[in-house]
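Thanks for coming. I will go through one structure today, and you can follow along on the screen.

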Amino acid sequence: MELDLAGAELKAVLNRLRRAQGQISGVIRMIEEGRDCEEVVTQLAAASRALDRAGFAIIATGLQQCLTDMEKGRRDGEDPEQMRARLEKLFLSLA
């Protein structure tokens with residue numbers, strides 16, 4: 001399954017990933033500076049949520065593309081049940 005993000009979808013995913021990247025850099029700095037544990041964990045949780053949201057956006061786009069492909073009859077030799085199982089596995093990998 002090839003990912004085809006366009007326009008606003010791509011921008012939203014990239015913004016979430018950049019936000020997570022900045023938050024992770026912040027966590028590293030905080031640890032190096034010996035900052036309070038609660039502050040570090042709060043920042044780490046924010047980075048984790050940003051990554052999760054980016055992953056869910058990518059999966060949602062993949063689901064939409066798969067449905068479109070199925071409607072057009074393009075399955076690359078993969079039956080709908082196989083496609084569903086792969087998408088479910090991807091979704092659960094973020095859970």
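Predicted model: local features only at pLDDT ≥ 70, side-chain atom pairs only at ≥ 80, totals over all residues.

What does the side chain of E33 meet in a salt bridge? The partner is R35, and the N to O distance is 3.4 Å. R35 counts as partly exposed, at 41% relative accessibility. R35 also forms a salt bridge with E39, and there the closest N and O atoms are 3.0 Å apart. E39 is partly exposed, with a relative accessible area of 36%. Taken together, E33, R35 and E39 are linked in a network of salt bridges. The count of salt bridges comes to two.

Now the overall layout. The protein chain has three helices and zero strands. Read from the N terminus, the order of elements is α-α-α. Of the 95 residues in the protein chain, 23% are buried. The accessible surface comes to about 6,800 Å², and carbon and sulfur atoms account for 55% of that. As for contacts in the chain with a separation of 6 or more, 71% of them are between residues 24 or more positions apart.

Next, helix α1, which covers residues 7–32. How many residues does α1 have, and how far does it reach? There are 26 residues, and the reach from the first C-alpha to the last is 38 Å, close to the 38 Å expected at 1.5 Å a residue. After α1 comes G34, with a positive phi near 70 degrees.

Which residues of α1 are buried? They are V13, A20, Q23, G26, V27 and M30.

Is Q23 buried or exposed? The cut-off for buried is under 20%. Q23 has a relative accessible area of 15%, so Q23 is buried. Leaving out residues up to four places away in sequence, Q23 touches Q43, A46, A47 and A50.

I24 is also in helix α1. I24 has a relative accessible area of 35%, so this residue counts as partly exposed. Setting aside neighbours within four places in sequence, I24 is in contact with A47 and L51. A47 is therefore also on the list of residues that Q23, which is buried, touches. I24 and S48 are 24 residues apart in sequence, and their C-alpha atoms are 8.9 Å apart in space.

Last, the surface. Which residues form the nonpolar patch? They are L10, L14, L17, I24, I28 and L51, and together they have about 440 Å² of accessible area. Helix α1 gives the most to this patch, with five residues. One of the patch residues is L17, which is placed in helix α1. L17 counts as partly exposed, at 35% relative accessibility.

To sum up, α1 has buried residues such as V13 and M30, and α1 also gives five residues to the nonpolar patch. The salt-bridge network links E33, R35 and E39. That is all I have.

Definitions and conventions
Residues numbered from 1 in each chain as written. Heavy atoms only, no water. Helix = DSSP H or I, 4+ residues; strand = E, 2+ residues; numbered from the N terminus. Buried < 20%, exposed > 50% of the residue type's maximum accessible area, 1.4 Å probe, protein only. Contact = heavy atoms within 4.5 Å. Patch = residues over 30% accessible without salt bridge, like charges linked within 9 Å, V, L, I, M, F, W, Y side chains within 5 Å. Areas by Shrake-Rupley, 256 points an atom, 1.4 Å probe, with all protein chains shown as cover. Salt bridge = Lys/Arg side-chain N within 4 Å of Asp/Glu carboxyl O. Expected span 1.5 Å × (residues − 1).
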